[in-house]
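Subject: Structure handover

Hello,

Please find the structure below. My notes on it follow.

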Amino acid sequence: MAEKLSLPDLPASPMFIGDERIMTIEWQEFFRLLFKRVGGIDALTNTDISLSQVSEMFSTSVDYSKRINKLEKQLQMLFTTKSYSKEIQELLNIVAFEVYKPSEGGPISGVYTPALTNVSNISASTSFPAQYLRVGKAVTVSGLVVITPINTVATLLGVSLPIHSRLDNAYECVGVAFTPGTSSLGAAIVGDPANNRAEMQWIASGGFVDEPMYYTFTYLVL
C-alpha cells in the first residue's frame with residue numbers, strides 16, 4: 001500500500017503579513033515541519049526529494065506568485081511511488097487561495113498550448129495557444145484545435161490541462177466544441193480521470209478533411 005503523507009496541522013494565523021507579503025512565523029514553521037516530514041536534506045527517493053523542494057519553496061519570502069506557478073508544474077512531474085501528490089495538491093490550493101485573494105491580485109489567467117493525444121479515429125491534430133482563467137478551484141479554458149478524422153465514427157481527442165488536477169470523475173471537467181464549417185457538428189468535452197486531462201468526444205465527418213474545433217471547458221483543481 002502506498003504511503004500517505006500526513007500534513008502538519010495547518011496554522012490558524014494568516015499566511016502573510018504587511019504590504020511586503022512576509023510569511024508569518026507560524027506558516028514558516030509549518031513548511032519547516034513538512035520539509036522535515038518528507039525527508040528534508042536526507043530524502044532518499046526521487047519522490048521525497050521533489051516534495052522536499054515543494055515544502056522548501058515557500059519557507060522564505062520571494063515572489064510567491066512565481067512559486068505557485070513553479071510548484072504546479074512540479075506537481076505534474078512527481079513520481080507515483082507514494083500517494084503524496086494528492087495531499088500536496090490540497091496544500092497548493094490553500095497556498096494559492098492565500099496568495100491570490102481577490103483583494104490582493106485577483107484571479108489567475110494565462111495562455112498555454114495544450115498537448116493533444118489522438119485517442120481514436122484521428123490521423124492528425126494541431127494545437128493552438130489557448131487562454132485560461134482560474135478563480136478559486138475552477139479553471140475555464142477556451143481555444144482552437146484542428147482535427148483530421150479518418151472515418152465517420154466515434155472520435156476521441158485528449159487535451160491537456162493548463163493547471164494540474166487529479167480528476168476522479170468525468171463530470172469534474174465539462175465543456176463543448178463546435179466547428180463552423182459543418183452543420184451541427186459539435187463535441188462534448190468531459191474529464192478523463194485515467195489521464196488527468198480533458199477529452200473531446202464526437203462523431204467526426206470523416207474523409208481526412210480538417211475540422212477546426214472551437215472549444216471551451218471548465219474543470220476543478222482537485
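Two residues are in contact when they have heavy atoms within 4.5 Å. By that criterion, and leaving aside neighbours within four places in sequence, Y215 touches P114, A130, V141, S142, G143, L144, V145, V176, A177, I189 and M200.

This is a predicted model, in which local features need pLDDT of at least 70 and side-chain atom pairs count only at pLDDT 80 or more, while totals for chains, interfaces and linings use all residues. Residues are numbered from 1 along each chain as its sequence is written, and side-chain values use heavy atoms, with hydrogens and water left out.

Confidence. pLDDT is the predictor's confidence in each residue, from 0 to 100. The chain average is 75, and 59% of the residues score at least 70. Over residues 78-83 the value is below 50, and this stretch has 16 contacts in the model beyond near neighbours in sequence. Where pLDDT is low, the predicted coordinates should not be read in detail.

Fold. There are four helices and twelve strands, taken as DSSP runs (helices H or I, at least four residues; strands E, at least two) and numbered from the N terminus. Of the contacts between residues at least 6 apart in sequence, 65% join residues at least 24 apart. Buried residues (under 20% relative accessible area, with exposed over 50% and partly exposed in between; 1.4 Å probe, protein chains only) make up 45% of the 222 in the chain. I25, in helix α1 (residues 25-37), counts as exposed because its relative accessibility is 70%.

Core. A nonpolar core is a set of buried Ala, Val, Leu, Ile, Met, Phe, Trp, Tyr and Cys residues joined through side-chain atoms within 4.5 Å. The largest one has 27 residues, and V141, M200, W202, Y215, F217 and Y219 touch the most other members. Strands that each supply at least two residues of this core include β7 (138-149), β11 (197-203) and β12 (211-220).

Rings. Rings of Phe, Tyr and Trp (its six-membered ring) pair if their centres lie within 6.5 Å; planes under 30 degrees apart are stacked, over 60 edge-to-face, and the rest tilted. The structure holds three aromatic pairs. Y215 and F217 are stacked, because their ring centres are 6.0 Å apart and their planes at 15°. F217 and Y219 form a tilted pair, with 6.3 Å between centres and 35° between planes. Ring pairs link Y215, F217 and Y219 into a cluster.

Regards
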